[in-house]
Amino acid sequence: MATLIRAEHLVKNFPVKGNLVDSFTKKRLAVHAVDDVSFDIAEGEVLGLAGESGSGKSTTGRLLIRLIELTSGRVDYRGDDITTYSTREFEALREKMQIVFQDPVSSLSPRMSVGEAIGHPLLIHKMGSRRERPGMVLDIMNKVGLAPAEYLYRKYPHQLSGGQSQRVVLARALVTRPDFLVADEPIAMADVSVRALIMQLMRDLKEEMGLTYLFITHDLATAKYLCDRIAIMYLGRIVEITAKDELFSHPHHPYTKALLDAVPVPDPRVSKERDLPAGEIPSAIRPPSGCHFHPRCRFAMPACSEGRPPLKEVAPGHFSACILD
Amino acid sequence: MPDSANEPILDIRDLSIIYPISIGTVHAVQDVTLSLYKGEVLGIVGESGCGKSTLGLSILKLMKPPGRISSGSILYKGTDILGMDDRALLDMRGRNIAMIFQNPLTSLDPLMSVERHFIEAIQVHEPHTGVAECIERAKKILSDLGIEGNRLKEYPYQLSGGMRQRIMIGLALILHPDILLADEPTTALDVIVEAGFTELLIRLHELYSLTVVLISHNLGLVAQMADRIAVMYGGRLVELATVNQIFEKPLHPYTQGLMNCVPNILLEQKELNAMPGSPPDLVGEPKSCPFAPRCPKAMDICRSRVPPLKDYGGRQTACWLYEGGV
């Protein structure tokens, strides 16, 4: 399959104000949110990006669609380097690359009706005439299961349930008929029953509209259901990336194994022998040297603190960044 | 585990909680009868808006106005909590029954060191305890939580999320209460930290011989910890059974629906059986089973009468399907 998105050596640093001592020593501090990340996404594929909070997965998603600008690296869309595009050139492409955020309620303006909100991207991208737009909006509302569409068209966000709000946000992202969608934890705030519905809907829409997703999540059980390939991130780096089944059957990186171990299983008969890593994800301002995971890793050796382990192909299409590999 | 010879430590009887609002009365909790036995972990599950947090808060009589208890009683070792005056309530909270909440950051005072939190928690109940003794006790409990004693001097902003939640549970346990109410204790935590916290909670449960009420929408967490599970829907208790009974053979269609829509990492799931619709808004007196509009097995009677909670050989459910037995 053709490559839709190619990310090469993505780097994003967010400068931060240091303390007094740092300012005297003229040390420039930065959050190393994304630290040399490369991957590609084939057309029609769902790539999952999983990791704990602070691993840089949301920043990576935003970089792909230039919601924030790269410190260095490049992003290709259908073989074209979009990081060289001017703002105006990129605006024209935005209708093809959309994003859905975690919290549907704060993503919607309380003063815009459902119809206005979903129709707004059409207005911005000058798609359809004033007459055609309501029809286009109703059409996408039906696709995402906002029924009865004519009735909900005039409703305001406060009149919607959580599941409906999430559908409105999806409809707004899909109304311009994009081919690439970044879904940034779209179900993290939803109730269990809503989660299952939205996951099913996203899977159906992908088939129906020929979509490609970057699916950002901290929940590997969800990723298992929805994704084709999964990349595991830790402190700004991809530590393992491979096909979904391969990841769950043959996890390589100690961090991936820890994540898999930690997932709660909804079955009381399963009692997992866990070997959880100590502590929590450290600050990305002064990340540990070498392999970022080494202070928490139970296999750590002295060599782990020296030099970044490269992503090595441990099986066809299966890459892991650990010196044990 | 519940034992018929064992007196319940907490006995909730016919509890109803209402919120009078401009458009009517919200029946947040309705006719809930539930016993908690010494030493058990009782999980309360359900979607948001099903009344599980309100039920938890009512045990400490902490509902926010205009919410009030319209009927029923909550007996703690034979004394009705709802009949207690403010002084008695203050004395009971923390000392006999303690609670931890979802977000540890908003539960800690940013201007107070960890040490101050512990001193305050102890001195509220035991005003004559000296600072040195308080610190000694705090250090001891921190070691049970796997936190170094020098952390006592730090402030909440210096602690990670998992550390804050452990401090919260330390504060809850410092006076050795019998009952710990945990309302979504891991929702704000990352998955690895959550797993560690769950293990800690299981250890503390034994170490402090606690009785735990675990309120959560996370069925994975409840499956690992609970002895019994109470499923709430629309403010009502719709099913109550042991954790194995619930996971092996859920009776109520709502419980079945909940089980089906949770992805399980150990299974190859091609489809999740999502439950369409959303929970009822609870305004007004219900005339039917609250789950009937979403229930795939709804019958005529479900839409005209509320099913009572009935006993079926040691487990309970409120569903018309089982009129003739299970």
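The legends below describe views of chain A in a predicted model.

**Figure 1. Overall fold of chain A.** Chain A contains 12 helices and 12 strands. Its radius of gyration is 21 Å, close to the 20 Å that the globule rule gives for 325 residues, so chain A is as compact as a globular protein of that length. Along the principal axes, the C-alpha atoms of chain A fill a box of roughly 70 × 55 × 45 Å.

**Figure 2. Burial and contacts within chain A.** Of the 325 residues in chain A, 46% are buried. Where contacts in chain A link residues at least 6 apart in sequence, 65% of these contacts join residues at least 24 apart.

**Figure 3. Packing of helices H8 and H9 of chain A.** Helix H8 spans residues 162–174 of chain A, and helix H9 spans residues 192–209 of chain A. The two helices pack at an angle of about 20°, with their axes 10 Å apart. Because angles under 35 degrees count as roughly parallel, H8(A) is roughly parallel to H9(A). The crossing of H8(A) and H9(A) is right-handed.

**Figure 4. Residues at the contact of H8(A) with H9(A).** On the H8(A) side, the contact is formed by A:Gly162, A:Gly163, A:Gln166 and A:Leu174. These residues meet A:Val194, A:Leu197, A:Ile198, A:Leu205 and A:Met209 in H9(A). The residues of the contact of H8(A) with H9(A) comprise 6 nonpolar and 3 polar residues, with no charged residue.

Key. Residues are numbered from 1 along each chain as its sequence is written. Chains are lettered from A and ligands numbered from 1 in the order in which they are written. This is a predicted model: local features need pLDDT of at least 70, side-chain atom pairs count only at pLDDT 80 or more; totals for chains, interfaces and linings use all residues. Helices (H or I, at least four residues) and strands (E, at least two) are DSSP runs, numbered from the N terminus. The radius of gyration is taken over C-alpha atoms; the globule rule is 2.2 Å times the number of residues to the power 0.38. A residue is buried if 20 or more other C-beta atoms lie within 10 Å of its own, exposed if 12 or fewer, and partly exposed in between; C-beta atoms are placed from the backbone. Two residues are in contact if their C-beta atoms, placed from the backbone, lie within 7 Å. Axes are lines fitted to C-alpha atoms, for helices over the stretch in contact, and angles run from 0 to 180 degrees between N-to-C directions. Angles under 35 degrees count as roughly parallel, over 145 as roughly antiparallel, 65 to 115 as roughly perpendicular and the rest as oblique. A crossing is left-handed if the near helix is turned anticlockwise from the far one by less than a right angle, and right-handed if clockwise. Ala, Val, Leu, Ile, Met, Phe, Trp, Tyr, Cys and Pro count as nonpolar, Asp, Glu, Lys and Arg as charged, and the others, Gly among them, as polar.
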